[in-house]
Amino acid sequence: MEAQELRESLSQNIKKYRKMKGWSQFELAEKAEVSEQTVNSIEGLRLWPSDKTLAKIANVLEVEMFRLFVPQKLALQSEAIADLKHAVVKTVEGLVHATLNDWENQ
């Protein structure tokens with residue numbers, strides 16, 4: 001991954017998680033105890049934050065810090081896999097219950 005791609009992933013993810021909380025840049029900044037300009041500059045690809053700032057932002061967004069660096073494409077694939085896994089487990093559970101009920105009714 002190139003440096004620019006890393007910056008873009010960070011920017012997109014902070015924005016995504018912030019919007020999931022329904023927060024403005026100002027609200028995120030206030031909760032993370034950083035300036036609104038800092039949040040704006042990170043999201044605008046003009047500032048690479050310190051590790052301390054990243055930790056504050058990740059903490060208030062309630063995400064593990066590494067998730068701020070996962071490219072959107074990979075994050076979506078990961079979410080799709082988790083959804084598929086959940087659907088498979090539910091289907092298998094349903095089949096097991098149906099089979100057990102059939103055995104009990106024989």
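Predicted model: local features only at pLDDT ≥ 70, side-chain atom pairs only at ≥ 80, totals over all residues.

Mentor: Residues are numbered from 1 along each chain as its sequence is written, and side-chain values use heavy atoms, without hydrogens and water.

Trainee: Why is Val88 called partly exposed?

Mentor: Buried means under 20% relative accessible area, exposed over 50%, and partly exposed in between (1.4 Å probe, protein chains only). Val88 has 45%, so it is partly exposed. Its place is in helix H5 (residues 72–104); helices are DSSP runs of H or I with at least four residues, numbered from the N terminus.

Trainee: What puts the buried residues of H2 on the same side?

Mentor: In H2 (residues 25–32), the buried ones are Gln25, Leu28, Ala29 and Ala32. They cover an arc of only 100° around the axis, so they lie on the same side of H2; the arc is that of the directions from the helix axis to the C-beta atoms.

Trainee: What covers the buried residues of H2?

Mentor: The cover includes helices H1 (3–20), H3 (36–43) and H4 (51–61).

Trainee: Which residues does Leu10 touch?

Mentor: Contact means heavy atoms within 4.5 Å. Leaving out residues up to four places away in sequence, Leu10 touches Ile42, Trp48, Pro49, Leu54, Leu68 and Phe69.

Note on methods
Helix = DSSP H or I, 4+ residues; strand = E, 2+ residues; numbered from the N terminus.
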